[in-house]
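Reader: I'm new to this one. Can we walk through it together?

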Amino acid sequence: MSKIEELKKIKEDIEADKNLPLVSKPEDVIPGDGNPDAKIVFIGEAGGYHESIQRKPFVGQAGKLLDKVFVEIGIERKDVYISNMVKTRPPENRDPTPEELSAFGKYLDRELEIIKPKVVVTLGRFSMGKFLPFAKISSVHGKVHKLQWKDRDIVIVPMYHPAAALRNGNVMAQFREDFLKLPEILKEIDTPEIEQMNLL
């Protein structure tokens, strides 16, 4: 099965999962979207109104900001993969509950296992909490965190959620600054380490 087929299977499994909170019909599901071979995956918290209509993550105002900063750093949206912790829209766009995050978590895990990204950018505190449960976003945003996740080395770069950046000028400045670091982070990860030969 190709990666595209495996990701499609995840979407179908979510749509068929009768135990998921907030999902009453298949059309409620907002699956991940993007390049299955992406080196970088962006994870938000949940869909909003526009996402629920188009059934794609980050297509509203926050998504437009994301697209804008992608252009600024020379990344094309079609080259990355974007998903959410909760793959539907919570009522009134409220924060997801721990139970909701837990219920949808296995599907995000499967996405990451299929894509095997080198870098995961968490957008907002909920996705950051999946990988760095005790961190404060104000302290760790824009910093590289190398960790073992599901027996694999992974690089986590926490960032503010673009919706938070749209609400607050100071957060916007930090959000853009953090994004500008991404090309360098990707470049460093792509540079193979030269193993020193042990000269006998």
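Author: Start with A62. The model is a predicted one, and in it A62 is buried, with a relative accessible area of 13%.

Reader: What makes 13% count as buried for A62?
Author: The cut-off. Buried means under 20% relative accessible area, so A62, at 13%, is buried.

Reader: Which helix is A62 in?
Author: A62 sits in helix α3. That helix covers residues 61–72.

Reader: And what does A62 touch, not counting residues up to four places away in sequence?
Author: H161, P162, A163 and L166. Take H161: in sequence, 99 residues separate A62 from H161. In space, their C-alpha atoms are 8.0 Å apart.

Reader: Let's stay around α3. What is in the loop between α2 and α3?
Author: F58 is found there, with α2 spanning 49–54 and α3 spanning 61–72. F58 has a positive phi of about 55°, although it is not a glycine.

Reader: Is F58 buried or exposed?
Author: Buried. Its relative accessible area is 4%.

Reader: Where else is there a positive phi on a residue that is not a glycine?
Author: At E92, where phi is about 55°. E92 lies in the loop between β3 (81–86) and α4 (98–115).

Reader: Buried or exposed, this E92?
Author: Exposed. E92 has 75% relative accessibility.

Reader: New topic. Where is F179?
Author: F179 is in helix α8, which runs over residues 169–180. F179 is buried, and its relative accessible area is 0%.

Reader: What is F179 in contact with, leaving aside its neighbours within four places in sequence?
Author: F42, L66, V69, F70, I73, L123 and M159.

Reader: How far is F179 from K146?
Author: Their C-alpha atoms are separated by 18 Å. Along the chain, F179 and K146 are 33 residues apart.

Reader: You named F70 as a contact of F179. How far is F70 from D37?
Author: From C-alpha to C-alpha, 18 Å. In sequence, D37 and F70 are 33 residues apart.

Reader: Where does D37 sit?
Author: In the loop between β1 (33–34) and β2. D37 counts as exposed, at 55% relative accessibility.

Reader: Now α9. Which of its residues are buried?
Author: Helix α9 spans residues 182–190, and L182, I185 and L186 are buried in it. Looking down the axis of α9, you find its buried residues within an arc of 95°, so they line one face of the helix.

Reader: What covers the buried residues of α9?
Author: The cover includes β2 (40–46), β4 (119–123), β6 (152–159) and α8 (169–180).

Reader: And which exposed residues are on the face of α9 turned away from its buried side?
Author: K187 and E188.

Reader: Over to the N-terminal part. What about E5: which helix is it in?
Author: E5 lies in α1, residues 3–16. E5 is partly exposed, with a relative accessible area of 45%. Between the C-alpha atoms of E5 and I154 there are 24 Å, and the two are 149 residues apart along the chain.

Reader: Let's zoom out. How many helices and strands does the chain have?
Author: There are 9 helices and 6 strands.

Reader: How does the radius of gyration compare with that of a compact globule?
Author: It agrees. A compact globule of 200 residues would have a radius near 16 Å, and the chain has 17 Å. The C-alpha atoms fill a box of roughly 65 × 45 × 30 Å along the principal axes.

Reader: How much of the chain counts as buried?
Author: Of its 200 residues, 48%. The chain exposes about 11100 Å², and carbon and sulfur atoms supply 52% of that.

Reader: What share of the contacts with a separation of 6 or more comes from residues 24 or more positions apart?
Author: Such pairs account for 71%.

Reader: Last one. How many positive and negative side chains are there?
Author: The chain has 31 positive and 32 negative ones. The centres of the two sets lie 2 Å apart.

Note on methods
Residues numbered from 1 in each chain as written. Predicted model: local features only at pLDDT ≥ 70, side-chain atom pairs only at ≥ 80, totals over all residues. Heavy atoms only, no water. Buried < 20%, exposed > 50% of the residue type's maximum accessible area, 1.4 Å probe, protein only. Helix = DSSP H or I, 4+ residues; strand = E, 2+ residues; numbered from the N terminus. Arc of directions from axis to C-beta. Contact = heavy atoms within 4.5 Å. Rg over C-alpha atoms; globule rule 2.2 N^0.38 Å. Areas by Shrake-Rupley, 256 points an atom, 1.4 Å probe, with all protein chains shown as cover. Lys, Arg positive; Asp, Glu negative; His and termini not counted. Charge placed at Lys NZ, Arg CZ, Asp CG, Glu CD.
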